[in-house]
Amino acid sequence: MHYSEIFENAIGQLKSEKRYRVFANLERDTERFPNAIWRPDNGPARDVTIWCSNDYLGQGVHPEVTKAMATAAKTWGAGAGGTRNISGTSHPLVMLENELADLHHKEAALVFNSGWISNLAAISTIADLLPNCLILSDALNHNSMIEGVRRSSAERKIWRHNDVAHLEELLAAEPLERNKLIVFESLYSMDGDIAPIKEICDLAEKYNAMTYIDEVHAVAMYGERGAGVCERDGQMHRIDVIEATLAKGFGVVGGYIAASAAICDAVRSFAPSFIFSTALPPAVCMAALTSVKIAKERPELRMAHQRQSWLTKHALMRAGLPVMQNGSHIVPVFVGNAELCKAASDMLLERHNIYIQPINYPTVPRGAERLRITPTPLHGDAHITHLIEAMVDVWTTLGLPFAEASDIESPFANDADCTYPHQKQDCSYPQMKRAAE
């Protein structure tokens, strides 16, 4: 057998299982987001609306963020120049780490090239530095966390998702003096459910365990200053290590941990994936630094985001679409079949100019396929109306089952407390200003 046949057969297997992933060739536009240009392999370019971006607040197109990046690139160049140890520790990177430590009220922070790498590096390094460590990992933890657990030589046990009784059962079976690391997420991105953080911290204190939380899908969107669900729930001071990303709510790229100075210094000094990686460029750091400051100072962005997420979820449910309910900004719509999920995604794009990537195995279990919708403050009323009409058409055309039409209670006691973003007179997004004109 030729080597190429092995790879062709592997790809063929993916295609036969309807799990082959096709990338959409998109051009985002800072003036028109969430609209973008889609360039299919065959056919002319078309204008589409992105409904599945992880740039939850639209910070990646914020004029202050893009200006900071452009100015920094002109001042300091395009690259970092090396690893952190060899000329890559730029002043903007140091300022960014200080800003992130302040965001989470921790002694220090450490920035990585991505959230995936930060989990891999931090979990494996921390666990290996703890003698006879036991890692207790939530069953639905992200792949990056799983890889961090696997990379460590520590013993590991999996506890049922968000099941604190099962977690306590596993903790209680161990000697109190044994080193233990509880690894979990604050907000699980595929279902949109939120961890019982207080109860987990209570168990950690009772059974002498460290806590490591992934706030990747929550930073910038929750809490008084955008530090995440831990801040919102008043539990941030009880978490030993907070890991998050700069690539979602903050709209740039990179990952980080915030913890005690000793923990950050240990990861910095012992994690190979940190030591041997080129540092983030100064331009990226300045963009991220600007975005973090905006999130800290402008809670109205979070309020607008939450309102648009609720409106989208409410409208889909009123139309009888099978929304998987949760208490977060994530809006998953259940399909339950890989082939039909891909067909629904294709039809939305080709017939309605709406881009929503299908979510299939291994991201979710087989039989749990879905469309994952992520509204932003820049999705206005017209976008939502178009989405609902398109989704109903696709569900009807494909014969997908509808749910019973239902309502959800608004999280806002007073609608006047949270206006649509395009109604705000002081909004700094140019496309919002145009919508108000």
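**Spaces, surface and salt bridges**

The second largest pocket holds about 330 Å³ of space. Of the 18 residues lining the second largest pocket, V22, F23, A24, W38 and L349 are the closest to its centre. The model described here is a predicted one.

**The second largest pocket**

- Helix α14, spanning residues 338-352, gives the most to the lining of the second largest pocket, contributing 5 residues.
- By residue class, the lining of the second largest pocket comprises 9 nonpolar, 4 polar and 5 charged residues.

**The cavity**

- The structure has 1 cavity of 30 Å³ or more.
- The space in the largest cavity amounts to about 80 Å³.
- The lining of the largest cavity consists of R84, L93, V111, F112, N113, I117, S273, F274, S277, A279 and L280.
- Two elements, β4 (108-112) and α11 (272-275), each give two or more residues to the lining of the largest cavity.
- In the lining of the largest cavity, 7 residues are nonpolar, 3 are polar and 1 is charged.

**A nonpolar surface patch**

- Y3, I6 and F7 make a nonpolar surface patch of about 410 Å².
- Y3 lies in helix α1, which covers residues 3-16.
- Y3 counts as exposed because its relative accessibility is 69%, and the cut-off for exposed is over 50%.

**Salt bridges**

- The structure contains 26 salt bridges.
- R150 and E147 form a salt bridge whose closest N and O atoms are 3.0 Å apart. Both residues belong to helix α6 (residues 143-151), and because they are 3 residues apart there, about one helical turn separates them. R150 is exposed, with a relative accessible area of 54%, whereas E147 is partly exposed at 24% relative accessibility.
- D163 pairs with R160 in a salt bridge, with the closest N and O atoms 3.1 Å apart. D163 is partly exposed, with a relative accessible area of 22%, and R160 is also partly exposed, at 48% relative accessibility.
- E168 and K206 form a salt bridge in which the closest N and O atoms are 2.9 Å apart. This pair links distant parts of the chain, since E168 is in helix α7 (residues 164-172) and K206 is in helix α8 (residues 197-206), 38 residues apart. E168 is partly exposed at 24% relative accessibility, while K206 is exposed, with a relative accessible area of 51%.
- A network of salt bridges links E99, D102, R225 and K296.

Methods
Residues are numbered from 1 along each chain as its sequence is written. This is a predicted model: local features need pLDDT of at least 70, side-chain atom pairs count only at pLDDT 80 or more; totals for chains, interfaces and linings use all residues. Side-chain values use heavy atoms; hydrogens and water are left out. On a 1 Å grid over the protein atoms alone, a cavity is a set of points where a 1.4 Å probe fits but cannot get out, and a pocket is an open set with protein on both sides within 12 Å along at least five of seven lines; lining residues have an atom within 4 Å of a point. Grid points are joined across faces, edges and corners, and a volume is the space filled by probe spheres set on the points. Helices (H or I, at least four residues) and strands (E, at least two) are DSSP runs, numbered from the N terminus. Ala, Val, Leu, Ile, Met, Phe, Trp, Tyr, Cys and Pro count as nonpolar, Asp, Glu, Lys and Arg as charged, and the others, Gly among them, as polar. Patches are made of residues with over 30% relative accessible area and no salt bridge: like charges are joined within 9 Å, nonpolar side chains (Val, Leu, Ile, Met, Phe, Trp, Tyr) within 5 Å. Accessible areas come from the Shrake-Rupley method with a 1.4 Å probe; for residues, only the protein chains shown count as cover. A salt bridge is a side-chain nitrogen of Lys or Arg within 4 Å of a carboxyl oxygen of Asp or Glu. Buried means under 20% relative accessible area, exposed over 50%, partly exposed in between (1.4 Å probe, protein chains only).
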